[in-house]
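Here is a friendly walk through one protein model. Have the sequence and the 3D view open as you read.

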Amino acid sequence: MENNKHILITKACEYIENNLSEKITLAHLTYCTSYSERAIQLLFKKHFKLTPFEYIEEQRLLKAFKLIKTHKNEKPVTHIAKDVGLIHLGRFSVKFKKRFGVSASDLAKS
C-alpha cells in the first residue's frame, strides 16, 4: 500500500511540475493519478504537511524565484509570475516576500 502512495505522489508532482503555468484543480490530479480527491488530500498532508494547493503554490513560488534569479532584468517579474501560474500579482508579491524574505523586484535587481 505504501508503494501505491508513493506512485500517487510521484504522478501528482510530475503533473504539477509540468503544468505550473496552467490552472490545476483536484479534478486534474484525480484524473492523472486515478485516486480520489480525498486520497490525494490525505497523502499530500502526510507527505508534505501541505494541502495540494499549498504544495502547488510553493512550487510556483520556488520556480518564480529560480526564474527571477536566472533572468534578472531580461524578463519582467510580472511576466515570470504569470508564466508560473501566479496571476494575482498583489498576492504573489506578498507571498513571495513572506516566503523568501525579499521582494521579487528587489531580487531581480540584485
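With a relative accessibility of 28%, Phe-48 counts as partly exposed; buried means under 20% relative accessible area, exposed means over 50%, and partly exposed is in between (1.4 Å probe, protein chains only). Phe-48 belongs to helix α3. Beyond its neighbours within four places in sequence, Phe-48 is in contact with Ile-9, Cys-13 and Tyr-55, where contact means heavy atoms within 4.5 Å. Glu-17 sits 31 residues away from Phe-48 along the chain, and their C-alpha atoms are 15 Å apart.

A word on what you are looking at: this is a predicted model, in which local features need pLDDT of at least 70 and side-chain atom pairs count only at pLDDT 80 or more, while totals for chains, interfaces and linings use all residues. Residues are numbered from 1 along each chain as its sequence is written, and side-chain values use heavy atoms, with hydrogens and water left out.

## The chain overall

How many helices and strands does the protein chain have? There are seven helices and zero strands, taken as DSSP runs numbered from the N terminus (helices are H or I, at least four residues; strands are E, at least two). The C-alpha trace spans about 50 × 20 × 20 Å along its principal axes. Of the chain's 110 residues, 32% count as buried. Among contacts with a separation of 6 or more, 58% are between residues 24 or more positions apart.

## Leu-8, a buried residue

Leu-8 lies in helix α1, residues 2-18. Leu-8 counts as buried because its relative accessibility is 0%. Setting aside neighbours within four places in sequence, Leu-8 is in contact with Thr-33, Tyr-35, Ile-40 and Leu-43.

## How α3 meets its partners

The axes of α3 (residues 37-48) and α4 come within 8 Å and cross at roughly 55°; axes are lines fitted to C-alpha atoms, for helices over the stretch in contact, and angles run from 0 to 180 degrees between N-to-C directions. Angles under 35 degrees count as roughly parallel, over 145 as roughly antiparallel, 65 to 115 as roughly perpendicular and the rest as oblique. From α3 the contact takes Ile-40, Gln-41, Phe-44, Lys-45 and Phe-48, and from α4 it takes Pro-52, Glu-54 and Tyr-55. By class, these are five nonpolar, one polar and two charged residues (Ala, Val, Leu, Ile, Met, Phe, Trp, Tyr, Cys and Pro count as nonpolar; Asp, Glu, Lys and Arg as charged; the others, Gly among them, as polar).

Helix α2 (residues 26-33) packs against α3 at an angle of about 95°, with the axes 9 Å apart, so α2 and α3 are roughly perpendicular to each other. Here Leu-26, Ala-27, Leu-29, Thr-30 and Thr-33 of α2 meet Glu-37, Ile-40 and Gln-41 of α3.

## The largest pocket

The largest pocket holds about 530 Å³ of space. On a 1 Å grid over the protein atoms alone, a pocket is an open set of points where a 1.4 Å probe fits, with protein on both sides within 12 Å along at least five of seven lines; lining residues have an atom within 4 Å of a point. Grid points are joined across faces, edges and corners, and a volume is the space filled by probe spheres set on the points.

Of the 20 lining residues, Glu-57, Arg-60, Gly-85, Leu-86 and Lys-95 lie nearest the centre of the pocket. Helix α4 gives the most to the lining, with seven residues. The lining divides into seven nonpolar, three polar and 10 charged residues.
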